[in-house]
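Let's take a friendly walk through a protein model together.

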Amino acid sequence: MRVAIGVAGGIAAYKAAELVRVLQERELDVQVVMTRAAREFVTPLTFAALSGHKVITEMFGGPGAEPNLESAIEHIAVAQAIDALVIAPATANVLAKIAHGEADDFLTTLCLATKAPIVLAPAMNINMWENSATQENLKTLRERGFRIVEPGEGHLACGMTGPGRLAEVEDIARAIFDVLELKNDLAGETVLVTAGPTEEPLDAVRFLSNRSSGRMGYALAKASRDRGARVILVSGPAAIEPPAGVTLERVGTAEEMARAVFHHLDASTIVLMAAAVADFRPAEVRSQKIKKQTVARSLELVPTIDILAEVSRRRRGQLLVGFAAETENLMENARAKLEAKGLDLVVANDLTEAGAGFGSETNIVTLVFPGGRAEKLEKMDKLDAARRILDEVVRMKKLPSPAMSTSWARGESR
Ligand code: CTP
C-alpha cells in the first residue's frame, strides 16, 4: 500500500521522519511531499534517504526547471496511486487552505485531487490553535470526512504551554492504519516467536539438524507485526529473509535458543513456539573434525532442554502456543502435548500430508484447544495460516487463559 506524507512548515517537521520509519515497518510505501516552508526546517534529502523516493517539493519541477508534461500532471499520478494521505505536521495555514479548497502548491493540490482518505495531524502555537478561524476550519474539515489527530498538550517551541504539540507518532500511525483498514488488534503486545531448526554440533564441521525451513515462524512474525505487535523473532539457521521491523536474534543450538527465549520472556505477552528444536544433541562435541578411522559405530546422544515446557513453567500470564509436527497419531499426540505442557493452543500438522509441514510454502494445520476441541483448517499459504492462528490468539487474549486459570485453581505456582 502507498501512503503520501505531506510535511508542512513547522518545528515538528522533523518528527515526520519517525513517521516514515513507523509506516515502513508495516511495509507501506511512503512518498514524502514537502511544502516550501517545510524545507526551512528539514532538508528534502533527509526524507529522500529515509523513504527511498525522491521527495516532491514543487509543481512543474520547481523554479528554473524545464516544464514538461510529466511534472505538470505528477499531482494527478500521485493522487491516484496513493491509498492514504497524511499531513504531519499540518500548520494553521495548510488547514486554512485545504478547508477553502485552495491549491497553490503540490501538497494542497494533491489534497484536492485525491480520493484517498486524508489524515491531518495539526501542530502550531497555542493561540493559532485556539483562534476561531483555525477551529472553524477544523470543524469544516471534520465534517468533510478528514480524520484529525488532535495535538497534544505540553511545552511548545514558542515557549508557551498548552495544546498545539504534534500528536505522538504512534497515534498518527494508528489513524493511518485505521483509514487503511489495517488490523491493529495486537497493538501494545510483544510477541516472541521461535522459528527454524536448531543445529547441534558433533565436531568442528558436522551437526545434527532437521528439515525445518523457518517459514511458519517467519510468517507468524510478519503477521504479528502487521497487526501492530512488537515482535522478537528467535531463529535457528534459516535461509529466508526476516520481515522488516522485527527484532531478530539468530541462534544455533537448542541451548542458545533457550537462552534467548528466557531472556525475552518477561517482556513478552504472547509466545509462539514454531521452532523445530532438536530433541537430542551429541553427548560430546569434538573441537577437531572426527577422522573416519577413529569414529565409533554409535553416537551417544543426550536430551536438549525442552524450551516450551520450561517457558510454560516460568511464564507469568503470557499466552503460550506450541506446535506439534507429527507423522502418526496427530490428534492424540497434539492433545497430549497441550495437556502435558499446559498450553493455550497447539497448532498441529501432519507431516505426511502433501502441502503441509517442513519446507512447504503451504500448510494444513489443526488448531487444538484446551478441553480437546479441534478445528482443521484447509490447505493454505503459511502466511494465511499464521493470520488464522493470530485470530485465535486475539480471541483468547480477551478471555482468561484456560491453562492459567486451571493451574491457579490447582494452586500451582509458575
Ligand atoms: N520444543 C521446544 N524445545 C524442545 C523441543 C520442542 O521448545 N527441545 C517445542 C517446539 O517449538 C514445538 C513443540 O515444542 O512448539 C513441539 O513439542 P514436542 O513435544 O517437543 O514435539 P517433538 O519435538 O516432536 O517431540 P515428540 O518426539 O515428543 O513428539
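## Two domains

What you see is a predicted model. Its protein chain is split into domain 1, covering residues 2–179, and domain 2, covering residues 190–409.

## Helices H1 and H9

Start with helix H1 (residues 15–25) and helix H9 (residues 169–179), whose axes come within 10 Å and cross at roughly 45°. The crossing of H1 and H9 is a right-handed one.

Which residues of H1 and H9 meet? On the H1 side they are Lys15, Glu18, Leu19, Val22 and Leu23, and on the H9 side Val169, Ile172, Ala173, Ile176 and Phe177. Sorted by class, this contact of H1 with H9 holds 8 nonpolar and 2 charged residues, with no polar ones.

## Helices H11 and H12

Now find helix H11 (residues 254–265) and helix H12 (residues 307–314). Their axes are 10 Å apart, and the packing angle is about 20°. Angles under 35 degrees count as roughly parallel, and H11 and H12 are therefore roughly parallel to each other. H11 passes H12 in a right-handed crossing.

From H11, the residues Ala254, Met257, Ala258, Val261, Phe262 and Leu265 take part in the contact, while H12 brings Ile307, Glu310, Val311 and Arg314. The contact of H11 with H12 comprises 8 nonpolar residues, 2 charged residues and no polar ones.

## Threonine 43

Threonine 43 sits in the loop between strand S2 (29–34) and helix H2 (44–51). Is threonine 43 buried, exposed or partly exposed? Its relative accessibility is 45%, so threonine 43 counts as partly exposed. Threonine 43 and valine 55 are separated by 12 residues in sequence, and their C-alpha atoms are 9.7 Å apart in space.

## Threonine 366

Next, look for threonine 366 in strand S19, which runs over residues 365–368. Is threonine 366 buried or exposed? With a relative accessible area of 6%, threonine 366 is buried, because buried means under 20%.

What does threonine 366 touch, leaving aside residues up to four places away in sequence? Its contacts are Leu330, Met331, Val346, Val347, Ala348, Ala374, Glu375 and Lys376.

Conventions:
Residues are numbered from 1 along each chain as its sequence is written. This is a predicted model: local features need pLDDT of at least 70, side-chain atom pairs count only at pLDDT 80 or more; totals for chains, interfaces and linings use all residues. Side-chain values use heavy atoms; hydrogens and water are left out. Domain bounds come from an automatic or database domain assignment. Axes are lines fitted to C-alpha atoms, for helices over the stretch in contact, and angles run from 0 to 180 degrees between N-to-C directions. Helices (H or I, at least four residues) and strands (E, at least two) are DSSP runs, numbered from the N terminus. Angles under 35 degrees count as roughly parallel, over 145 as roughly antiparallel, 65 to 115 as roughly perpendicular and the rest as oblique. A crossing is left-handed if the near helix is turned anticlockwise from the far one by less than a right angle, and right-handed if clockwise. Contact means heavy atoms within 4.5 Å. Ala, Val, Leu, Ile, Met, Phe, Trp, Tyr, Cys and Pro count as nonpolar, Asp, Glu, Lys and Arg as charged, and the others, Gly among them, as polar. Buried means under 20% relative accessible area, exposed over 50%, partly exposed in between (1.4 Å probe, protein chains only).
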